[in-house]
Amino acid sequence: MLGLIETSLDDDKAQAVTVIELRGKTTIADHMVIASGTSSRQVVSMADHLLEKLKAKGVQGATVEGLSQGDWVLIDAGDVVVHLFRPEVRSFYNLEKMWGVAMPEPIGMHA
């Protein structure tokens with residue numbers, strides 16, 4: 001399922017995709033995927049496409065929150081939890097830091 005998620009996000013031009021291994025750290029999931037979209041519209045579109053692909057693959061019971069606003073969408077697909085953010089919101093919450101992973105440098109912000 002992780003490969004399907006990564007491919008879907010890549011197809012939708014997600015930025016700064018980070019995969020965090022959660023096995024042995026928590027029981028909520030095996031992996032956490034964090035990615036950014038350039039706008040609320042792109043975040044919602046990425047989430048919609050991912051949900052369609054998960055359903056087509058037979059993944060049942062995936063839940064989603066935040067789809068109506070598009071600032072931060074959470075998809076719980078069981079073994080994998082996906083967080084899709086607008087860049088500003090992602091920087092504010094900095095989930096990577098909570099899990100001891102460096103947050104990727106924003107696109108277009110290289111020195």
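Guide: Let's begin with Asp71, which is partly exposed with a relative accessible area of 29%. Here buried means under 20% relative accessible area, exposed means over 50%, and partly exposed is what lies in between, with a 1.4 Å probe and protein chains only. Please keep in mind that this is a predicted model, in which local features need pLDDT of at least 70 and side-chain atom pairs count only at pLDDT 80 or more, while totals for chains, interfaces and linings use all residues. Residues are numbered from 1 along each chain as its sequence is written, and side-chain values use heavy atoms, leaving out hydrogens and water.

The partner of Asp71 is Arg86: the two form a salt bridge, with the closest N and O atoms 2.6 Å apart. Arg86 sits in the loop between β5 (80-85) and α3 (87-93), and Asp71 in the loop between β3 (63-65) and β4 (72-76), so the pair ties together parts that are 15 residues apart in sequence. Arg86 is also partly exposed, at a relative accessible area of 21%. The rule for a salt bridge is a side-chain nitrogen of Lys or Arg within 4 Å of a carboxyl oxygen of Asp or Glu, and by that rule the count comes to 6 salt bridges. For the names of the elements, helices (H or I, at least four residues) and strands (E, at least two) are DSSP runs, numbered from the N terminus.

Two strands count as paired if DSSP finds at least two bridges between them.

Walking across from the β3 side, β3 and β4 pair in the antiparallel sense over 3 bridges, with Asp76 in β4 as the bridge partner of Thr63. Next, 5 bridges join β4 to β5, and these strands run antiparallel; the bridge partner of Leu74 is His83 in β5. β4 and β5 form a hairpin with 3 residues between them, and Gly78 in the turn has a positive phi of about 85°.

β5 itself is mostly covered, with 6 of its 6 residues buried. Val80, Val82 and Leu84 point one way from the strand, and Val81, His83 and Phe85 point the other way. On to β2, which pairs with β5 in the parallel sense over 6 bridges. Ala35 has Leu84 in β5 as its bridge partner, and Val33 stands opposite Val82 in β5. For β2, too, 6 of the 6 residues are buried, so the strand is largely enclosed by the rest of the structure. His31, Val33 and Ala35 point to one side of β2, with Met32, Ile34 and Ser36 pointing to the other.

Finally we reach β1, which 5 bridges join to β2 in an antiparallel run. Glu21 stands opposite His31 in β2. Glu21 also brings us back to salt bridges, being linked with Arg23 and Asp30 in a network of them. Asp30 is partly exposed at 25% relative accessible area, as is Arg23 at 49%.

Lys53 is partly exposed at 28% relative accessibility, and Asp11 at 46%. Both residues belong to the contact (heavy atoms within 4.5 Å) in which Leu4, Ile5, Ser8, Leu9 and Asp11 of α1 meet Met46, His49, Leu50, Lys53 and Leu54 of α2.
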